[in-house]
Amino acid sequence: MSADGSVVSIRGLTKVFGKGGVTALQDIDLEVGRGEFVSLIGPSGCGKSTLLRIVGDIVEPSEGDVTVNGKPARKARLDRDYGIVFQAPVLYDWRTVAKNIALPLEMLGWDRAKRAERVRDMLELVELTGFERYHPWQLSGGMQQRVSIARAFSFSPALLLMDEPFGALDEMTRERLNIELLRIWAETGSTVIFVTHSISEAVFLSTRVVVMSPRPGRVASVVPVDLPQPRTAATREEPRFFELVTEVRESLHATGADEVEETLATEDEIA
Amino acid sequence: MSSSVSTAAPSRRLGERIRDWVPAVVVFGLGLAAWQWLLPDVLGVEEFLLPRFSDVVGALVNERDLLLRGAWITLKEAVGGFVLGSGVAIVVALVLARWRPFGNALMPYMIAANAIPIIAFAPITNAWFGLLSPWSKVTIAAVLCFFPVLVNTLRGLTSVDPESIELMRSYAASERDVFRRVRIPSSLPYVFSALKVASVLAMIGAVVGDYFGGSLEALGIVVLSAVNLSRYATSWAAILVASIMGIAFYATISGIERYAMRWHPSVRGKAS
């Protein structure tokens, strides 16, 4: 960990795709402290997924520095300092649920007994006990995503990177998994960076919401979320929740992105 | 959910399964009856065009030693060619998938070669290996198997969902781990569909290869010499044996596929 207590520290980050091509991210500075839950929100094309992948050293930055736990991103990846969850569950069909969750543990060289024990704990954590021998395609989308979350948490990484993990799920499942994720986050004391395009999801989950502008992607504003913990279904009905949703929405408007309108329209319909 | 998975299969009772097969069995019986009576008696199809079913069965019984010996020789050629061609193809595909620049350089030629009528080389291979060598036929079968297996395996190894690879990368997985745990298992459906095609091609290669030389007892030679002696029923019996071998070969590969991919939705049947 670096001296200032940041788990993730991003300085002067710029990403250009192709030679002299599209600038996806420009001059990003961001610090994420231990135990924080930070959401990145912005219209499509603002580079939020790219930013997440740069933190995970899956994509390389063009300029700037990224440190994770005080180490360069590459070193942190090789040390397996973070777990990752994508929008698709990315489970391997040829592995059972238990073996999918055990995959990172196999890579870390854990022995069979230790793996089995951890898998049991993880299944309990995501409330899927009894499904260890199922194959992914036998589960619903929400259950698959819970397996994916269990896999990401299985080796207790200090940092969790989540790229629109609930984006493909229906609203009911999404809200239930939001609460479940917050419970797991609180129980494990991990740090989360969470990419989403849903304003209410970002406000509900986060300790801070980072609003990004499109083309090139920049940090437009940062909205601290002072809603009390633990958050419950009732949190969504508090006046403060709506105030914060409005604040994030107005920040998004200020970025002048067309796509925001669509997001807002659908969210209003649901509300 | 667990109960629905375990009881779904047995609850489709045997009787129901048999009923599913009734139409196919009826068609099979009608086909044989047409062969036996309709074609020769009603439509007047001559013996040299297609002998009566009972005559073919008679030849099958009377010439069983000749046919079995021939079948064994040809089967060995086909299986040998299949194993050799498919095996080399899979190894080459792994190498090309691991070192992509090679793959990108060679792929257009592989796809073009896949479209060559390789069977046209059959007479030439005798010149390479000698008229009586079984290797000419093994080679034809192997080359026939090689390209489809190579092209499909390579496609299977490389068309993996990018996020599956990103996930492995996040675990600091070595290239070897990525192959072992992701690329190879996810290529299996492609590999097996190619192997099934290859099993058919290997039989074709071996039988057609027989026509141009090699052992005088091979099945292809039996077909050819029986025609020359106007013993049509024997030719047809040999063709029937070749067909049965081909189907058995295909079914064996299918069986291995079902075992190797027992995790796959298409094998297990979707749970309700």
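Residues are numbered from 1 along each chain as its sequence is written, with chains lettered from A and ligands numbered from 1 in the order in which they are written. Because the model is predicted, local features need pLDDT of at least 70 and side-chain atom pairs count only at pLDDT 80 or more, while totals for chains, interfaces and linings use all residues.

Me: What radius of gyration does chain A have, with its 271 residues?
Reply: The radius is taken over C-alpha atoms, and the globule rule is 2.2 Å times the number of residues to the power 0.38. For 271 residues a compact globule would come out near 18 Å, and chain A agrees with this, at 18 Å.

Me: How many helices and strands does chain A have?
Reply: Helices (H or I, at least four residues) and strands (E, at least two) are DSSP runs, numbered from the N terminus. By that count, chain A has nine helices and 10 strands.

Me: In what order do the six strands of the open sheet in chain A stand?
Reply: Two strands pair if DSSP finds at least two bridges between them. The pairing in this sheet is mixed, and the twist averages 20° from one strand to the next. The edge strands, each pairing on one side only, are β6 (82-85) and β10 (218-224) of chain A. The order is β6-β7-β8-β3-β9-β10.

Me: At what angle to β8(A) does helix α1 of chain A run?
Reply: Axes are lines fitted to C-alpha atoms, for helices over the stretch in contact (C-beta atoms, placed from the backbone, within 7 Å). Angles run from 0 to 180 degrees between N-to-C directions. Helix α1 (residues 48-55) lies across β3 (37-41), β7 (159-163), β8 (191-196) and β9 of chain A, and its angle to β8(A) is about 150°.

Me: Is Asp57(A) buried or exposed?
Reply: Asp57(A) lies in the loop between α1 and β4 (63-68) of chain A, and has a positive phi of about 60° although it is not a glycine. A residue is buried if 20 or more other C-beta atoms lie within 10 Å of its own, exposed if 12 or fewer, and partly exposed in between. With 22 C-beta neighbours inside 10 Å, Asp57(A) therefore counts as buried.

Me: Is Ser230(B) buried or exposed?
Reply: Ser230(B), in the loop between α10 (219-228) and α11 (232-260) of chain B, has a positive phi of about 60° although it is not a glycine. Because it has 10 C-beta neighbours inside 10 Å, Ser230(B) counts as exposed.

Me: Which residue is joined to Gln229(A) by a cis peptide bond?
Reply: Omega of this bond is about -10°.

Me: How many residues of chain B are in contact with chain A?
Reply: On the side of chain A that touches chain B, α2 (73-78), β6 and α3 (97-107) each supply at least two residues. That side divides into 12 nonpolar, three polar and three charged residues; Ala, Val, Leu, Ile, Met, Phe, Trp, Tyr, Cys and Pro count as nonpolar, Asp, Glu, Lys and Arg as charged, and the others, Gly among them, as polar. The 18 residues of chain A are in contact with residues of chain B numbering 17.

Note on methods. Two residues are in contact if their C-beta atoms, placed from the backbone, lie within 7 Å.
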